[in-house]
Amino acid sequence: TCALTSVGGVKCWGGNASGKLGDGTTTTRLTPVDVVGLNSGIVALAAGESHTCALTNTGSVLCWGDNGIGQLGDGVTIASSPTPVMVSGLSGGVIALAAGSSHTCALTSTGSLLCWGWNGSGQLGDGTRIRRPTPVAVSGLGSGVSGIAAGGGHSCALHSGSARCWGGNDVGQLGDGTTNNSATPVTVAGLTSGVTAIAGGVQHSLAILNGDVYAWGSNSSGQLGTGSASGSSTPIRVLD
């Protein structure tokens with residue numbers, strides 16, 4: 001787990017395999033430790049399964065931890081890093097981050113979206129299933145994105161008021177009425193305008209529309225909140 005302090009510093013704690021706590025070691029920490037070099041100037045954090053990323057107040061992105069499949073975005077796909085490294089090409093202009101299991105996406109001030117890391121299910125949205133150790137643009141989302149979310153192996157965005165998702169879809173987590181993976185964004189059924197927020201779980205997604213919460217994807221543990229144990233490949237309103 002990681003926390004952002006009031007002065008913009010970062011502290012992390014817990015398991016530290018591959019250096020995902022960013023303190024320069026791989027030692028498990030039972031109490032918070034400082035991330036090396038990040039004592040101030042950080043405005044947002046995103047944590048994946050074995051890597052962590054931070055957004056600075058100048059719009060640049062740094063990541064640390066496991067990098068075996070390029071999830072740090074620095075152009076390397078072998079060496080992990082127990083201290084933060086700069087994501088290639090993202091030295092400014094980023095306003096939001098979202099981290100999935102082994103991939104990360106960044107929203108720019110122009111409303112475009114870039115992703116990097118593992119891409120076996122198409123979760124980077126660039127039309128391929130090739131892992132990317134540096135950021136690539138999400139196909140068809142050159143502008144108009146106002147929010148992002150990342151699940152285990154899928155990603156979602158708010159695009160001009162609609163919900164768009166891409167990547168793994170084996171249990172309907174893309175919400176397009178199918179269980180077909182997609183390496184480019186698809187529109188979530190029924191969420192074509194008026195969506196104000198979006199979130200992603202391991203194999204499910206959620207969105208807010210007109211003050212109501214809708215969910216879709218896996219429901220094996222009741223995570224859709226619909227009063228049923230059945231999953232859904234299209235959005236269902238969460239019961240209040």
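Buried means under 20% relative accessible area, exposed means over 50%, and partly exposed lies in between (1.4 Å probe, protein chains only). This is a predicted model, where local features need pLDDT of at least 70, side-chain atom pairs count only at pLDDT 80 or more, and totals for chains, interfaces and linings use all residues. Residues are numbered from 1 along each chain as its sequence is written, and side-chain values use heavy atoms, leaving out hydrogens and water.

**View 1. Histidine 159 is a buried residue.** Its relative accessibility is 14%, so histidine 159 counts as buried. Histidine 159 belongs to strand 13 (residues 154-159). Strands (E, at least two residues) are DSSP runs, numbered from the N terminus.

View 2. Two strands pair if DSSP finds at least two bridges between them. Strand 10 (residues 113-117) and strand 11 are joined by three bridges. Leucine 114 sits opposite alanine 137 of strand 11.

**View 3. Aspartate 34 and lysine 11 form a salt bridge.** A salt bridge is a side-chain nitrogen of Lys or Arg within 4 Å of a carboxyl oxygen of Asp or Glu. Here the closest N and O atoms are 2.7 Å apart. The pair links distant parts of the chain, 23 residues apart. Aspartate 34 is partly exposed, at 42% relative accessibility. Lysine 11 is partly exposed too, at 31%.

Technical notes
Helices (H or I, at least four residues) and strands (E, at least two) are DSSP runs, numbered from the N terminus.
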